[in-house]
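This report looks at one helix and at a set of aromatic contacts. The chain is shown first.

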Amino acid sequence: MERLLIPRDRYLQKLIDRRENGLIKVITGLRRCGKSFLLFELFYNYLLSDGIKPEQIVSIALDDDRYRAYRDPDALSAFLYERISGTEMTYILIDEVQYAIAAEELKHPEREVRLYGVLNGLLRQKNVDVYVTGSNSKLLTKDVMTAFRGRGDEVRVYPLSFAEFYGAVGGDKAETYEEYALYGGMPLVLSQKTDEDKMNYLRRLFGEVYFRDIAERYEIALPDVLEELTDDLCSSVGSLTNASKIARTLQTVKHVDIASATVAKYLNTLTESFLFSEAKRYDVKGKRYFDYPVKFYCADPGLRNARLNFRQQEETHLMKNVIYNTLLTRGCAVDVGVVEIVENKAGKRAKKQYEIDFVVNRGAKKYYIQSALSVEDPEKRQAELRPLRGTGDFFKKIIVTKTSQRAWTDEEGILHLGLYAFLLDENALDL
């Protein structure tokens, strides 16, 4: 199978910027999204091009059975220290580092995880630069600033964005988008020859990789329920929900006897494994978060579609999922906006809540974004504009529509963006 070599310049530059900064570079993200390729090929080749000798680079992939023995932290430590150069900088690259964390260690949070001691110890060597990858946030992301004692530096990697996908595929933008919305941006999808091959590859990822990993790392007493829950999240992607609502749905529709506490636990499992992201509701005027309901978006539209056997192709929901993922890729924090507006109906004043699809924070900047297939219909246009008008502030307001139109700003200062321009232009929000 021919593999396309897709540059991941955004992430490579992040590693270059963090080179030799005295911290453990923790590269996190969904399994098979390109972390290993980034570290072992792109970054490795960058080091060679910058004059680093091969013997200065120590690489080990702990998910490879050939290195099973080094899943023991003490054996891993001995292996690494034997290869540290006396005077020259040694670059240590460890793939899927969570394999060196024993399940028993996770059951006793009061104990220090041995692996973290090994990695922290390496940093005491003045000529060592450490990079690790991991596919589970419970084991890594939440521990970056605690277990690594403030010496962790996270780089989050996502599946291919549409811009990366289009850079590899090219062609008509609208047609390429439809391909992307159907099969997504898992890198190896581009190496599959036929539509059937792509579908089968994406289906296998769930059954043979993700669910297997989850079963190995978590105590999943009800694997069938986990699969039903995954199906429900995929079917209702971008819709408001919570653990209690999902439990009721599974009980009434699927006839599955499940407690909401178990659903909440499994939801955490799916987000910690990077399969889904949670977007909380934010009261724009009250400047506070609601505990529930929330929205879940799938890490990749192709994975979402594969889980549903490519039966449900709701354009609106898929477009919102793609926009949401793109915003995360660009380093944005994304919430769901709630705007309360006082309206007069039949001579009576009443409060009504409206939704803004995305409240986006990037650095010191904030944006409000509405996503719509089209706003040509006057009634639809007003429905999308109403919550933007009602925010009562001057942060930038944007409507993204599934068109090829050039960016323009209306008389109310609202920016109208075509979908393809938004997805392909890194600076589209600031046009």
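The model is predicted, so local features need pLDDT of at least 70, side-chain atom pairs count only at pLDDT 80 or more, and totals for chains, interfaces and linings use all residues. Residues are numbered from 1 along each chain as its sequence is written, and side-chain values use heavy atoms, with hydrogens and water left out.

Helices (H or I, at least four residues) and strands (E, at least two) are DSSP runs, numbered from the N terminus. Helix α2 covers residues 35-49. α2 bends by about 25° at Phe43; the bend is the angle between axes fitted to the seven residues ending there and the seven starting there. Buried means under 20% relative accessible area, with a 1.4 Å probe and protein chains only. Among the buried residues of α2 are Phe37, Leu38 and Phe43. The buried residues of α2 pack against α1 (9-17), β1 (24-28), β2 (57-61), β3 (90-95) and β4 (128-134), where contact means heavy atoms within 4.5 Å. Just after α2, Gly51 has a positive phi of about 95°.

Two charged side chains sit over rings (NZ of Lys or CZ of Arg within 6 Å of the ring centre and within 35 degrees of the ring normal).

| Charged residue | Ring | Distance to ring centre |
|---|---|---|
| Lys25 | Tyr131 | 4.7 Å |
| Arg281 | Phe290 | 4.8 Å |

Rings of Phe, Tyr and Trp (its six-membered ring) pair if their centres lie within 6.5 Å. The structure holds 16 aromatic pairs. Ring pairs join Phe162, Phe165, Tyr166, Tyr177, Tyr180 and Tyr420 in a cluster.

Definitions and conventions. The expected span of a helix is 1.5 Å times one less than its number of residues. Buried means under 20% relative accessible area, exposed over 50%, partly exposed in between (1.4 Å probe, protein chains only). Rings of Phe, Tyr and Trp (its six-membered ring) pair if their centres lie within 6.5 Å; planes under 30 degrees apart count as stacked, over 60 as edge-to-face and the rest as tilted.
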